[in-house]
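Hello,

I am handing over the structure we discussed. My notes follow it.

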Amino acid sequence: MAQVTVTIDGKAYRMACDEGQEEHLIGLAERFDRYVSHLKDSFGEIGDQRLTVMAGIMVMDELSEVQKRLMGMESEIATLRKTRDEALSKADRSDAALTGALGGLAQRMEAIAEKLAPKTPN
């Protein structure tokens, strides 16, 4: 298990993570630190715990919005898939009808060709 040190609000925290996830964890900590810094700039020194809770709520609000957008996109994807499947089914039916019509037309042309062809005496 890998370990990294992240800094949030000027304080260092040693954390463990899976191997190869060090940069990801550092990036997450940096993003969270930006939330804390923003709140600190807006409200001043209101206590570490309160800043952390407020930053956590901001992150959860952002996550909630992203989840709503994701659900909307998933719904849109489902609608597009249904539309695509219906279009493919309609195209298959059209292809079958066209194939049948062309087959019937070919048979009629062959019958006409047989009637028009000169008959050879035996």
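Leaving out residues up to four places away in sequence, Tyr-35 touches Ala-55, Met-58, Val-59 and Glu-62 (contact: heavy atoms within 4.5 Å). This is a predicted model: local features need pLDDT of at least 70, side-chain atom pairs count only at pLDDT 80 or more, and totals for chains, interfaces and linings use all residues. Residues are numbered from 1 along each chain as its sequence is written, and side-chain values use heavy atoms, with hydrogens and water left out.

H1 has 22 residues. Helices here are DSSP runs of H or I, at least four residues; strands are E runs, at least two; both are numbered from the N terminus. H1 reaches 31 Å from first C-alpha to last, close to the expected 32 Å (1.5 Å times one less than its number of residues).

Which residues of H1 are buried? They are Leu-25, Ala-29, Asp-33, Tyr-35, Val-36 and Leu-39 (buried: under 20% relative accessible area; exposed: over 50%; partly exposed in between; 1.4 Å probe, protein chains only). They lie on the same side of H1, because they cover an arc of only 155 degrees around the axis (taken from the directions from the helix axis to the C-beta atoms). The face turned away carries exposed Glu-23, Arg-34 and Asp-41. The cover over the buried residues of H1 includes S1, strand S2 (11-17) and H2.

The largest nonpolar core has twelve residues, among them Val-6, Leu-25, Tyr-35 and Ala-55 (buried Ala, Val, Leu, Ile, Met, Phe, Trp, Tyr and Cys joined through side-chain atoms within 4.5 Å). Strand S1 (2-8), helix H1 (22-43) and helix H2 (48-116) each give two or more. H1 gives the largest share, five residues.

Best wishes
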